[in-house]
Amino acid sequence: MEELVLGDGDWEGLRECLLIEYALDRGRREFVIVGDYWGERTSGRRSFIRLVFEGVEDFKREPGVSSGARAYWGEYWLRGAPGGVVIQSFETLSEEGRMRASLWFGPSFGGCSFLYGGVRASVRSARVEMRGTDWEYRDIEDNEVLDFYAPFGKALM
C-alpha cells in the first residue's frame, strides 16, 4: 500500500470511479471513502483508493430521487447494495478557513458535503485473475488475497 499526496487537480480524477464504501465516524470526526482508483489502468490489474478526511464537521447528506438510496446516510457499502454508484463530481472549496468537500453520486443516489481539516490518501494495487467463475484480487506487494468489497479492510478501523 502506498501513501498518496493529492494536489489540487487530483480530485477531478475521482470522477466516474466506482464507490465501494463510505463511512462517517462522528466520534473520531472522520469520513472515509473507498473506491477504485484512476491512476493505474493496466490489463490484469486494479487499484483502489482510500481517502480519510479528518476533523469532519457539518456533514450533510443530500438525498437523491431513489427512495432505496435514501437509507444510506452516514455509511454505504457496495456489497449488498441494489446497484453500483460512481462518483460523478468531487469539489473542494475554502470556507471559513477550512475546506468543504462536496461529492455528487448522481440524481438517483444524491450526494454529501462536509467541512474537513485534512485528508490522508492511500492506494492499494492488485493483480486480478479469473478463478473459476470468480475474480481473485491479490496485493501487488505481498500477494495477499484482497476482498474487492473491502480492499483496505473495514473503512473505519
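Modeller: The largest pocket holds about 160 Å³ of space. A pocket here is an open set of points on a 1 Å grid over the protein atoms alone, where a 1.4 Å probe fits, with protein on both sides within 12 Å along at least five of seven lines; lining residues have an atom within 4 Å of a point. The volume is the space filled by probe spheres set on the points, with grid points joined across faces, edges and corners. This is a predicted model, so local features need pLDDT of at least 70 and side-chain atom pairs count only at pLDDT 80 or more, while totals for chains, interfaces and linings use all residues. Residues are numbered from 1 along each chain as its sequence is written, and side-chain values use heavy atoms, with hydrogens and water left out.

Of the 15 residues lining the pocket, Gly83, Gly84, Val85, Ser108 and Phe109 lie nearest its centre. The lining divides into nine nonpolar, six polar and no charged residues. Gly counts as polar in this scheme; Ala, Val, Leu, Ile, Met, Phe, Trp, Tyr, Cys and Pro are nonpolar, and Asp, Glu, Lys and Arg are charged.

On to the strands, which are DSSP runs (E, at least two residues) numbered from the N terminus; two of them pair if DSSP finds at least two bridges between them. Four strands make an open sheet in the order β5-β9-β8-β7, with antiparallel pairing. Because β5 (57-63) and β7 (89-95) stand at the edges with a single partner strand each, one side of each has no neighbour in the sheet. Neighbouring strands are turned by 15° against each other on average, direction ignored, using axes that are lines fitted to C-alpha atoms. β7 and β8 (residues 98-104) run antiparallel and are joined by seven bridges; Glu95 has Arg98 in β8 as its bridge partner.

Now for another set of pairings. Ten bridges link β4 (residues 45-54) to β10 (residues 118-131), again antiparallel, and Arg45 is partnered by Arg127 in β10. β10 also runs antiparallel to β11 (residues 134-139), with six bridges, and Val128 stands opposite Tyr137 in β11. β10 and β11 form a hairpin with two residues between them, where Gly132 in the turn has a positive phi of about 70°.

Back in β4 sits Ser47, which is buried at a relative accessible area of 1% (buried means under 20%, with a 1.4 Å probe and protein chains only). The side chains of Ser47 and Ser125 make a polar contact of 2.8 Å, that is, a pair of N or O atoms within 3.5 Å, one able to donate a hydrogen and the other to accept it.

Note on methods
Axes are lines fitted to C-alpha atoms, for helices over the stretch in contact, and angles run from 0 to 180 degrees between N-to-C directions. Buried means under 20% relative accessible area, exposed over 50%, partly exposed in between (1.4 Å probe, protein chains only).
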